[in-house]
Amino acid sequence: MPRGRPSSALRRRLLLLGLPAAVLAGAATQSVRVGADAPDRWWSPGEGRVFPATLDYTNDHGTIRTLVVDGPIETKGHPFFEPIGTNGRACVTCHQPADGMSLSARTARERWDATGGKDPLFAAIDGSNCPTLPQGERASHSLLLERGLLRIERPWPVRSFNGKPVKPDFRIEVVRDPNGCNSGPGRGPEAGNISVYRRPRPVANLKYLLAVGFPFDPKQGYALPLDPDDGKPQSGNLMADNRAGNLRLQMEDAAASHLQLMGKLTPQQIDRIRDFELRIYAAQQESVQGGALDTLGAEGGPVKLRDSQPGALGSIGTPVWSEFAAWDRISPADAARLTPEQLAFRQSVARGARVFRDRTFLIFDSAGINSRMGFGNPVRNSCVFCHNMTQMGNDVAPGQVDLGTTTLPFADPWDDLPLFRVTCLGEPHPHYGRVILTYDPGFALTSGKCADVGKITLQSMRGLAARAPYFSNGLAKDLRAVVDYYERRYNIGYTEQEKQDLVNLMSVL
Amino acid sequence: MKSAATLLALLAPLSAHAAETGALVRFVSCPVYRDADSGKKSGCWLADDPATGLRWDVSHSPYKPDVGMGVLVEGRVSAEAPTACGAPVLEPVRTSRLDTPCVRHVLPAEGYPGRKFKLPPRNIQPLSVARPVPPGPYSERTFVTYFEFDRDFLVYQYDDFIIDNAVTWLRAAKPKKLIITGYAATQPETVTGRKLAERPQVAQQRADAMAETLSRLLPGLPIETRAKLAAQPTDHPDADGIPGQSQRRAEIRAVF
């Protein structure tokens, strides 16, 4: 076990060797065998393994499960798993099953240690801080190794958005360029590109990220844009900066950049990748502290995701994270079947779901929430205000919101990231004013609007336990740091119990 | 459309002396947020009329203020008791964010509960809910959308509701084209000692914004846009009897 802790199978055996109460507890905590006989954690491109219908991997919080509808899938020859570009990578390189179909910083470090930095993951193009740095040195890959960040190069200036010409209403200058990718020869805004650093987003549960709940984007003040391929409204929830509105565009973007594919994906490759991406679900299946997440009435794990309709707004239907509502009312008889620790953890998860939905605080100065929508600045609400989609916790509306995670003064003062000075040429930003200091302008690099600086698309909250660190730039090293960021940003006043309940909730999603 | 006399009556300026139910109140101020807590979106928005010193509860506006920016308040005095937020209530009411900065004032709840959030009457159903097909016969018809002062931004749970209904009708009626006319209230008016007039270009911006939205909802339908300045008030029901709101509009005319 690379993570230095017992497998869930071993933990289960230890449990079963305990006291009678623990034996009874096994019945209440085990749904199916999880985590046993898992294949190697790392899926290398072109291995030709079979991707099982159900696949479990352990993590610090328990076990993540991927589930492929109508699986298993032969990966040999499959364009998601084959190195179809020129740098030896495949889609799976950065979308690993053990990491909830994303990539954790720890996995990146393990891969560095296992290969001496030779794995295609560390390709100079974006697996290093900048291709101009000495590629054999660990320090040249520090952003990937420490915070799980890949370099994303965006064209500048933005010329079109949603098929319409765009002229940015802001100027961008480089204040600091610690990695040389925004100021060297051919690099940086003056050379027609901007490099930012972002976490890979999970490729799983995508029917939810593609779902459209309502016909309007209230944050932008228009009806939803139409998919150029099928003419249907687009969800706007796929990418951090919303630069690709459908899976084909996302694939083509990723193939050309991350895989360094010199030609184009064929229609057949696109169809096969899309087919796989729409069939795979991922969620935490078992908790180290709480046991199986689909027992005693709870509905954790990917089966519920597979079987539910996407796009539902929790506030008018099934409340967000009600998958764990049954643990709010565990009967004495059932409680007796759990260890005290399991019972306490499950009750904490259920409380965490309520805190997530009901514990309100003042949200202020967050574009996408407090402007330009008419909610007011400030507005009192809870986590579920934005994380409002049933079963997933992403935004039913296109989720471009500025939490401050990439922009000063709220972002941490990291000197290993490039820092940009954005100057609004028209109206000032509604909350930052005319001049903004940011590590990543986010959605503004797609829309060309100064009002969108700092907005990052909300993502799925599933499989969090498997894919630290969090936020688009890896700002939060663990789940507690996520809660701490919100506490600091909005001065919420969570109690220690509420913080732990939220952490426990996030650990089982 | 009502007569000019009726419109004049609607427009009659009202001061604090006329704070009777239904009276029109209009002023510019800095908004105050009262952090009442009866759950989500329950906080109170207040604004003091500098001319009278009266504080009003403007929380019913579909577009809420920014505590750091000036606000144009337009509303009618309501009979609702001032118990929720600690001030007489304007309802219907509109608040428009102005570009003038304000010192931020956030008051504690001070025992006022605010209002437990409930969906406003103008809210749209999810796309998963089928829209009933409006019965024919279909002939030329105009739909009207409304905006904040000097803005072209679609107002959530107001314009989207109007447009959703319009699109449902337009899909059934299949007009030959749409003519969208954006209006701007460009004639200066003095409010709270400040001359207010919308920018002329916002008329076209409103038409363009509506055209963009409708081109997405009704792809392929020809759309023409026009702009008209010096907008006059109307008594269209979706303006809720607020003359200033009725001026800041875009009209979507279906032509057969």
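Predicted model: local features only at pLDDT ≥ 70, side-chain atom pairs only at ≥ 80, totals over all residues.
Figure 1. Take a step back and you can follow the two strands involved: β2 (residues 31-35) and β3 (residues 44-48) of chain B pair in the antiparallel sense over 4 bridges. As a reminder, strands of a sheet pair through backbone hydrogen bonds, either parallel or antiparallel.

**Figure 2. An open sheet of 4 strands in chain B.** Which order do the strands of this open sheet follow? Reading across, the order is β4-β3-β2-β7 in chain B, and the pairing is mixed. At the edges sit β4 (55-57) and β7 (106-108) of chain B, each of which pairs on one side only. From one strand to the next, the twist averages 30°.

**Figure 3. Strand β5 of chain B and its two antiparallel partners.** Here we look at β5 (residues 69-77) of chain B, a mostly covered strand with 8 of its 9 residues buried. Strand β1 (residues 24-29) of chain B runs antiparallel to β5(B), and 6 bridges join them. To find your way, look for Leu24(B), whose bridge partner in β5(B) is Arg76(B). β5(B) also pairs with β6 (residues 90-101) of chain B, again in the antiparallel sense, over 7 bridges. A handy landmark for that pairing is Glu74(B), which has Arg94(B) in β6(B) as its bridge partner.

**Figure 4. Helix α3 of chain B, mostly covered.** This helix spans residues 201-217 of chain B, 17 residues in total. From its first C-alpha to its last, α3(B) reaches 25 Å, close to the 24 Å expected at 1.5 Å a residue. How many of its residues are buried? The count is 12 of 17, and among them are Val202(B), Arg206(B), Met210(B), Glu212(B) and Leu217(B). When you trace the helix, remember that an α-helix has 3.6 residues a turn, so residues three or four places apart point the same way.

**Figure 5. Where chain A meets chain B.** The contact takes 39 residues from chain A and 38 residues from chain B. Between them the two chains bury about 3100 Å², with 60% of it on carbon and sulfur atoms. Try to spot Phe216(A), Arg372(A) and Arg380(A): they supply 21% of the area that chain A buries against chain B, more than any other three residues.

**Figure 6. An annotated span of chain A.** An unreviewed UniProt entry lists residues 347-509 of chain A as "domain: Cytochrome c". In the model, this span is 25% helix and 12% strand, and its end C-alpha atoms lie 15 Å apart.

Definitions and conventions
Residues numbered from 1 in each chain as written. Chains lettered and ligands numbered in written order. Heavy atoms only, no water. UniProt positions renumbered as here; feature names shortened; annotations may be inferred. Pairing = 2+ DSSP bridges. Axes fitted to C-alpha atoms, helices over the stretch in contact; angles between N-to-C directions. Expected span 1.5 Å × (residues − 1). Buried < 20%, exposed > 50% of the residue type's maximum accessible area, 1.4 Å probe, protein only. Contact = heavy atoms within 4.5 Å. Buried area = accessible area lost by both parts, 1.4 Å probe.
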